[in-house]
Amino acid sequence: MKFTHPYLHSDKTGILRDAEQAIEYLKLDFDEVFRRTLTSYQPDAEGRSDGATGSDVERILAFNAIGKKDPVEYTKPWQEVLEDALQIERTHRDEEYKERLTELQYHVTRQAGTERAFTGEYWNEKRAGEYRCICCSTLLFTSSMKFDSGCGWPSFHTEHTDANILRVEDHSHGMHRIEVRCSSCDAHLGHVFNDGPASYGGERYCINSASMIFEEQDGEQA
Ligand SMILES: [Zn+2]
C-alpha cells in the first residue's frame, strides 16, 4: 500500500488553488464545497469561528490570496474577519522584521527612513551581482543597471524587469518626490528622480543600501 502526503510542501493557499482546479474539473460549486469545511479549533456551538486562531487566520488569508471570500460563516462579517487577519499578519511580519533586520535596515524599509549619504554599504559597490530587497529577497536591480551618480547612494538607471517597483507620491519634508517601494513587501527603498542618464531614459533610482542585499555573481561587469 502506498501513502502520499500531497500537502506537506504546500500551504493553505496552495490547497485552495488545487481545489479550484479539481472543483472545476468535477463541475462542482466552489462555495458549496468549502461551506462544508471546518478549519477552526475553537468553533462555537453552531460551528462558527471568530476567525482569530492561528489556523483561522491562515485560512482567511489563503482565501484572500486567491481573491475569494470564505463561504464559511464566521461570528463576525467577512470584511471584519479579513481585516483582523491582515492586521495579525502585519504585526507578525513587523515582529519578524524587527528581529531579523538591523536597526538601520528596519528604520529605512519599514519607517521610510534614509541613510546618510556616503555611509551605506553599496553606494560605491562596483562588483557584478544582484541587488535584492533586504526584507523579502525580491530581485530589484543588477550591477549592469547601476551607475555612478556621485550622490552618495546606490544609483540605478533601470529596474529589473521582474521587480515591479511601486511608485508613490511623497510630499514629506516640504518636497514633492516619487518614493519607490518593493511591490512584494512594501519596503521603502528610496526615491526616483529625473536626472539619470538620458541614454537609459533619464531616470535615477536613488536607493538606500540598507534596503538591499547584494549578491556577487561570477561574470563580466556589464
Ligand atoms: Zn520586498
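Which helix supplies the largest share of the lining of the largest pocket? That share, six residues, comes from helix H4. The legends below concern a predicted model.

Figure 1. The zinc ion is coordinated at 2.3 Å by the SG atoms of Cys133, Cys136, Cys182 and Cys185. Angles of 103 to 116° are subtended by the four donor atoms around the zinc ion, which makes the arrangement tetrahedral. For comparison, the ideal angle for four tetrahedral donors at a metal is 109.5 degrees.

**Figure 2. Placement of the zinc donors along the chain.** The spacing of the donors of the zinc ion is C-x2-C-x45-C-x2-C. Cys133 belongs to strand S1 (residues 129-133), whereas Cys185 sits in the loop between strand S6 (177-181) and strand S7 (188-193), so this pair ties together parts that are 52 residues apart in sequence. Cys133 and Cys185 are both buried.

**Figure 3. The largest pocket and the residues at its centre.** The volume of the largest pocket is about 300 Å³. Its lining comprises 14 residues, of which Arg90, Arg93, Arg110, Cys185 and Asp186 are the closest to the centre of the pocket.

Figure 4. Helix H4 (78-100) and helix H5 (103-111) each contribute at least two residues to the lining of the largest pocket. Domain 1 (12-98) and domain 2 (110-216) each provide at least three residues of the lining.

Figure 5. The residues that line the second largest pocket are Asp11, Lys12, Thr13, Glu58, Leu61, Ala62, Asn64, Ala65, Leu86 and Glu89. Four residues of this lining are nonpolar, four are charged and two are polar.

**Figure 6. Helices around the second largest pocket.** Helix H1 (12-25), helix H3 (54-65) and helix H4 each supply at least two residues of the lining of the second largest pocket. Helix H3 gives the most, with five residues. Helix H4, which supplies residues here, also provides six residues of the lining of the largest pocket.

Key. Residues numbered from 1 in each chain as written. Predicted model: local features only at pLDDT ≥ 70, side-chain atom pairs only at ≥ 80, totals over all residues. Heavy atoms only, no water. Donors = N, O, S within 2.8 Å, 3.2 Å for Na, K, Ca; no water. Tetrahedral: all angles 85-135°; square planar, octahedral: opposite > 155°, others 65-115°. Helix = DSSP H or I, 4+ residues; strand = E, 2+ residues; numbered from the N terminus. Buried < 20%, exposed > 50% of the residue type's maximum accessible area, 1.4 Å probe, protein only. 1 Å grid on protein atoms, 1.4 Å probe; cavity = no way out; pocket = protein on both sides within 12 Å on 5 of 7 lines; lining within 4 Å. Points joined across faces, edges and corners; volume = space filled by probe spheres on them. Domains from an automatic or database assignment. Nonpolar A, V, L, I, M, F, W, Y, C, P; charged D, E, K, R; others polar.
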